[in-house]
Each structure stands twice: as structure tokens, then as C-alpha cells.
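Dear colleague,

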Amino acid sequence: MSIQQPSLALVVGSGSVKCAAALGVWKVLQRENIKLDLVVGCSGGSLYAAALALGYDLAAAEEMTLSFWTGDLMSGYAFNLKAAMSGERDFNERSGLVDDAPLLGVLKQVFGERRFDETLVPLYLVATDFRTGEKVVLSQGRLADAIRASVAIPMIWPPWEVDGRLLTDGAVADPLPVDVAIKEGAHIILSLGLDLPVRARLRSFNAVQSHLNTLYTNNLLRATYAFYNLAHHAEIIPLWPNLEKNISAFDTRQFPLIIEQGQRAAEEQLPYLRRLLETPDVVG
């Protein structure tokens with residue numbers, strides 16, 4: 001029999017700007033000198049998972065946050081939605097309501113040509129096969145391609161092709177893919193789950209559709225977390241930041257609050273995490 005140190009994973013789920021809570025978690029881990037052994041990201045969480053796996057410091061990660069979530073990413077949305085609804089604009093499986101050129105530009109600026117094999121710890125990013133709905137775990141190739149696929153919000157940004165597969169938002173398959181960390185052998189999993197905001201007013205077709213999408217995504221988030229928490233031997237530590245405000249997908253003014261609440265969620269679990277890390281695994 002041999003004794004080994006427990007391996008630690010961080011899973012950053014979907015949640016658009018709320019995914020910046022990962023920076024608050026990262027602050028705590030860095031301060032406590034706690035090293036991650038692998039990182040998993042989904043949808044907006046893929047940005048932060050990649051930054052952490054590459055070893056970006058907090059200042060660089062915060063700068064990335066501000067450069068990514070800008071109004072340019074959604075330019076033309078209202079016009080294109082109206083045209084698509086009226087039939088004036090053709091729409092198919094490779095269409096989106098927003099031009100993805102600004103998105104691609106930011107990804108190139110932040111990640112350039114960097115690849116998965118350049119990360120300091122193993123990185124896994126989750127997308128969804130557009131045609132089959134199958135979860136697709138990406139762990140090789142260009143980071144920008146994998147992130148572009150993982151963040152492809154349905155109907156907003158067009159799906160993205162990777163290795164011959166047309167991929168869309170990872171949240172469609174699993175908004176909090178803790179199973180990826182389990183399959184990769186993690187003993188302790190920090191799972192950063194982020195509910196989507198529920199609309200207060202429903203005064204249009206688009207608002208109702210968005211509200212229903214939010215409900216089923218949040219239900220999927222809770223259900224998959226509950227299943228893996230009960231069904232597997234790994235220690236899954238929930239990090240659910242207390243974000244009471246109805247923060248919209250691009251509400252960058254809330255970044256200080258989001259990061260603070262991510263840090264607070266990690267602080268609350270820190271004593272338990274310390275105890276787990278100090279208990280070596282016996283392998284026989």
C-alpha cells in the first residue's frame with residue numbers, strides 16, 4: 001500500500017459575468033498556497049479556467065475580465081433579432097444573432113495561439129455537440145477555439161467547429177461538469193455553481209423564451225450537482241456565491257461584488273478544504 005496526497009480540482013460552471021467569481025476563489029487559493037491539480041471550465045467559466053490553468057496572476061485575470069465582457073460582444077442583437085423573427089434574415093444551424101468578430105478578436109488578444117499543452121496544470125473545457133446534444137470535453141488544440149465553442153450561447157453566437165464537430169455552449173449539456181474532474185481522478189473538487197438570473201418582467205416573446213431557458217438551465221445545474229454529489233466517492237465542495245442582485249449577462253459594473261462573493265464562498269469552505277488536504281489517500 002502507498003500513501004498519496006489528494007488531488008484537487010476546480011470546476012468553474014457557466015454563468016456569463018458571474019463566472020468572475022472564480023477570481024475570488026483564486027485569491028483565496030493563492031493566499032493559502034493551495035495548488036490545483038486540474039481545472040475544468042464550462043461556457044463563461046472556460047475563460048477563467050483557462051486563465052488559471054495558464055498561471056495568469058490576478059491582475060492579468062482581472063484585466064482579461066474587463067477586456068472580454070464589453071458591449072461590443074452584443075452589437076447588432078436587437079436589429080438581427082427583429083430581422084430573424086420577421087423572416088427578413090435567413091437563420092440556420094450556423095447562424096447567430098450577434099456577429100462573433102468582436103468575440104474572436106478578444107479571444108485572440110487574450111489567448112493568442114496558446115494551446116492546451118502549454119497550461120501549467122491539466123485543463124478541460126466543456127462544449128456541446130450541436131447536432132446530438134452530447135457533452136464534448138476539449139483538452140487539446142488551440143485554447144481560443146475551445147473557449148469559442150464553449151461560450152457559444154445558443155441563438156446568440158454561432159456554433160463553432162472543432163475537429164469536424166459543430167459545437168455550442170457547454171451549458172446546454174452540463175452547466176457544472178463536475179463529472180469531468182471525477183473521471184480525471186480528482187479526489188477533492190471545488191465546484192463553482194452560478195445560477196442564471198430570473199427575469200422580473202416578461203413583456204415580450206424574447207423575454208419569455210429567455211426566462212424559460214434560465215429555468216431549465218438552473219434546474220439542470222442543481223440536478224447534475226446533486227447527482228454527482230450523491231453518487232460518487234469524490235469530495236465535492238459546493239461554492240455558491242451569494243449574488244442576491246439580479247445581475248445580467250453583461251453587467252460589468254458588478255465585477256467587484258462578484259469577485260468578493262466568490263472569495264467569501266471559498267473562505268467559508270476553507271477549513272473543510274484544509275482538513276481534506278491534510279488527510280492523505282491510502283492506495284493499495
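Is Cys19 buried or exposed? Cys19 is buried, with a relative accessible area of 0% (buried means under 20% relative accessible area, exposed over 50%, partly exposed in between, with a 1.4 Å probe and protein chains only). Please keep in mind that this is a predicted model, in which local features need pLDDT of at least 70 and side-chain atom pairs count only at pLDDT 80 or more, while totals for chains, interfaces and linings use all residues. Residues are numbered from 1 along each chain as its sequence is written, and side-chain values use heavy atoms, with hydrogens and water left out.

Searching the whole structure gives zero disulfides, a disulfide being a pair of cysteine sulfur atoms within 2.5 Å.

Turning to the helices (DSSP runs of H or I, at least four residues, numbered from the N terminus), the axes of helix 1 (residues 21-31) and helix 9 (residues 255-277) come within 6 Å and cross at roughly 45 degrees, where axes are lines fitted to C-alpha atoms over the stretch in contact and angles run from 0 to 180 degrees between N-to-C directions. The contact (heavy atoms within 4.5 Å) involves residues including Leu23, Val25 and Val28 of helix 1 and Ile258, Ile259 and Leu270 of helix 9.

Best regards

Methods
Helices (H or I, at least four residues) and strands (E, at least two) are DSSP runs, numbered from the N terminus.
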